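Q: I would like to learn how to read a helix packed on a sheet. Where do we begin?

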Amino acid sequence: MYLKNALRAATAMTFVATAAAQADTLTIATVNNGDMIRMQGYTDKFTEATGIEVEWVTLEENVLRQRVTTDITTKGGQFDIMTIGMYETPIWGANGWLVPLDGLSDEYDVGDILPAMSGGLSHDGTLYAAPFYGESSMIMYRTDLMEKAGMEMPDAPTWEFIREAAAAMTDRDADINGICLRGKAGWGEGGAFITAMSNSFGARWFDEDWKPQFDQPEWADTLNFYVGMMNESGPAGYATNGFNENLSLFQQGKCGMWIDATVAASFVTNPTDSTVADSVSFALAPDTGLGKRSNWLWAWALAIPAGTEQADSAKQFIEWATSKDYIELVAENEGWANVPPGARTSLYENPDYQAVPFAKMTLDSILSADPNNPTVKPVPYVGIQFAAIPEFAGIATQVSQEFSAVYAGQQTVEEALAKAQAFTAEEMEAAGY
């Protein structure tokens, strides 16, 4: 069955017909997340079918963003395929920096990609990156610790409930933290989390005239609540914890709750890696009753930088890695719970996948995220955990560093927000807003 699917995938995408004429080596930059690392283990199947070799450059998230951004803006040409997301793709596509992913095969079925994902990876209706997996964020929590605390998790909790539950589940003597959250500097690390959280508190990055809003009470409310909760119930050193650090803590049984990417569900429920796999459940990201939950929308996607001399081979790899057949390949070898989630409609129509305990909550979280209306008050930008303007990455990286300094006890909330307001205002004025 394994071999049959590999050959079927090759035939469907006309790999065999072109393999003899190609002896390319693709260099692919990707993030060090579990699903991407898993994909590397199957790459030999692609090479066997096509003759195309693959070299991987696997990087920590913040480093990946820096490397691919530098390479594409300087036309460095280091990579034939880049792993990027919903922030970069429309901007880089509009600038002509990416190869359009048109002309994909009928068997690939572009129309099967979830609209939330294809929309965020397109510019003017043209797809510029294909989602390897898509995600929102949700609560992952220990059912045993929740029961021990005498509490019951609602399907759609408030932040006040989460803080109360975190305090009740914390057991410092047993090295159990009630809650683990990102605090690591980086616009896509701790910056992404606190921005999504701030939406639920009524905050926003900019008002309708592009004026920064860090001097408004909603941002102070967000940061004070976050810092208070994490100091009460979070792990030591949370200022340097990102996705992978918190994943490790949760799998080791050191977190009562973790609010992060829905893609993590397969890792925390995998008994091979997680010591608490049999006692994990899920809920929607929290709100404060203002009408916005604190979940984001994201896809780690594969894109081809313009100027590569191997665009055709790169497109073949992207078709293979983001196809229905790749999903089936993983399912056959590692089970449906471990396939790349959140990218294709057909996955959520598959009865085998519907039986996965986190499938419905993942889809509900993705569908509830609205990047066109991300905040309580109106804003001029699109994006939930980011503002889709070219200047955002640089500004938000600096702002996230100020926030992480608060988490580390190096400055106050008031000092960080004042610096964020001044810096952001200066940068936006210089950019002509």
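A: Begin with the angle: an axis is a line fitted to C-alpha atoms, for helices over the stretch in contact, and angles run from 0 to 180 degrees between N-to-C directions. In this predicted model, helix H8 (residues 159-169) runs at about 140° to strand S9 and lies across strand S7 (137-142), S8 and S9.

Q: What is the strand order of the open sheet?

A: The order is S8-S9-S7-S10, a sheet of 4 strands with mixed pairing. Strand S8 (177-180) and strand S10 (280-284) are the edge strands, each pairing on one side only. From one strand to the next, the twist averages 20°.

Q: How many bridges join S8 to strand S9?

A: There are 3 bridges between S8 and S9 (residues 255-261), and the two strands run parallel. As for a particular pair, Ile179 has Met257 in S9 as its bridge partner.

Q: Which residues of H8 are buried?

A: Buried means under 20% relative accessible area, exposed over 50%. In H8, the buried residues are Trp159, Phe161, Ile162, Ala165, Ala166 and Met169. They line one face of the helix, because seen down the axis of H8 they fall within an arc of 150°.

Q: Which exposed residues does the face of H8 turned away from its buried side carry?

A: That face carries Glu160 and Glu164.

Q: What do the buried residues of H8 pack against?

A: They pack against three strands of the sheet, S7, S8 and S9, and against helix H7 (143-148), helix H9 (190-200) and helix H10 (217-233).

Technical notes. Residues numbered from 1 in each chain as written. Predicted model: local features only at pLDDT ≥ 70, side-chain atom pairs only at ≥ 80, totals over all residues. Heavy atoms only, no water. Pairing = 2+ DSSP bridges. Contact = heavy atoms within 4.5 Å. Buried < 20%, exposed > 50% of the residue type's maximum accessible area, 1.4 Å probe, protein only. Arc of directions from axis to C-beta.
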